[in-house]
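Here is a short report on one protein model. Please look over the sequence and the structure before reading on.

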Amino acid sequence: MKKALRPAEKREAVGYLANQEGLSIRQACRVIQLSLSVFYYQFKVKSADKLIVACLEALAERYPTYGFKKMFHLLRADGKSWNHKRVYRVYVMMGLNIRRRRKRRLPARVKTPHIIPIRSNITWSMDFMHDSLITGRSYRTFNVIDDHNREALMITVDTSLSSRRITRELDKLIDWRGKPEVIRCDNGPEFTSAVFEAWSRKNKIKLCFIQPGKPTQNSLIERFNGNYRREVLSAHLFTDLDQVREQAQRWMWDYNHIRPHQSLDNLPPVKFSQQRSYPCPPSLNIDLELLEETIFTNASG
């Protein structure tokens, strides 16, 4: 059984017959079986619904792939108490229930100078890396450093790292380290997602996006990634994720406490911060068993 045409579709058919076939409006309406009053009817948005229309338009523009349920929950989270049937009526009236297939342009990214902060916890840089185990199984790493002293704050290893996962990991990091004022990152889907944006607003952290295709604008984390790949990922064959995580923890401790950095007067990041007069946030600790196995044990003592 064919689906009946809606009034709006019948109006289009009447317009076609009138323009292309030369029929009068009355004759075309009789053929399409549409009353003249319905054809000439102009829908007027109720004044009480204007705010709903404005809110739905803003949500549809910002989240073009969201359906009614997600938009309704966003309205509720924003404190709007409209009944779901009323919101859905306006939603359908606006034609938002028709699936939209369009790509969204990234907002213009303005090039900002990469200034080295004067102390810790002002700017953090973060990025993702990809590699695979000897079994062929792929995994990702989520790397975070402090731009002030290049200290490695976190390397999270897993097969899947979604926006929700990285916000949970960052919450854990903030609990013991404190939060930064700015996060510098690229335009990956995890960083441009609504989840990550809402998390940054909640924590009052400014997001500083680099320009697309300009990784040199996030040079500190790119240099860190290069060191991590040469000294860990490309230097070892891993059979499971636990081996990757264990080696990452060992390398981070050596990187922060032992490895000299030319840009820090050949001091490791933690020692560089300790020589400053301002208070330093806590740094990464390593499991004692791992520390006993590292070749730098004598140097750290």
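This model is predicted. Leaving aside neighbours within four places in sequence, N143 is in contact with S125, M126, D127, M129, M154, I155, I221, F224, N225 and Y228. One of these, N225, also makes a polar contact with N143: their side chains are joined at 2.9 Å. N143 is found in strand β2, which spans residues 138-146. Is N143 buried or exposed? N143 has a relative accessible area of 0%. Buried means under 20%, so N143 counts as buried.

Now the whole protein. It holds 14 helices and 5 strands. Of its 301 residues, 43% count as buried. Among contacts with a separation of 6 or more, 61% are between residues 24 or more positions apart. The protein exposes about 18,700 Å², and carbon and sulfur atoms supply 52% of that area.

Next, the largest pocket. Its space comes to about 690 Å³. The lining has 21 residues, and Y63, L74, A194, A198 and R201 are the closest to the pocket's centre. Two or more lining residues come from each of α4 (50-62), α5 (68-77), α7 (163-177) and α9 (194-202). The largest share belongs to α9, with 6 residues.

The lining divides by residue class as follows.

| Class of lining residue | Count |
|---|---|
| Nonpolar | 12 residues |
| Polar | 1 residue |

Key: Residues are numbered from 1 along each chain as its sequence is written. This is a predicted model: local features need pLDDT of at least 70, side-chain atom pairs count only at pLDDT 80 or more; totals for chains, interfaces and linings use all residues. Side-chain values use heavy atoms; hydrogens and water are left out. Helices (H or I, at least four residues) and strands (E, at least two) are DSSP runs, numbered from the N terminus. Buried means under 20% relative accessible area, exposed over 50%, partly exposed in between (1.4 Å probe, protein chains only). Contact means heavy atoms within 4.5 Å. Accessible areas come from the Shrake-Rupley method with a 1.4 Å probe; for residues, only the protein chains shown count as cover. On a 1 Å grid over the protein atoms alone, a cavity is a set of points where a 1.4 Å probe fits but cannot get out, and a pocket is an open set with protein on both sides within 12 Å along at least five of seven lines; lining residues have an atom within 4 Å of a point. Grid points are joined across faces, edges and corners, and a volume is the space filled by probe spheres set on the points. Ala, Val, Leu, Ile, Met, Phe, Trp, Tyr, Cys and Pro count as nonpolar, Asp, Glu, Lys and Arg as charged, and the others, Gly among them, as polar. A polar contact is a pair of N or O atoms within 3.5 Å; within protein, one must be able to donate a hydrogen and the other to accept it, and residues adjacent in sequence count only if both atoms are side-chain atoms.
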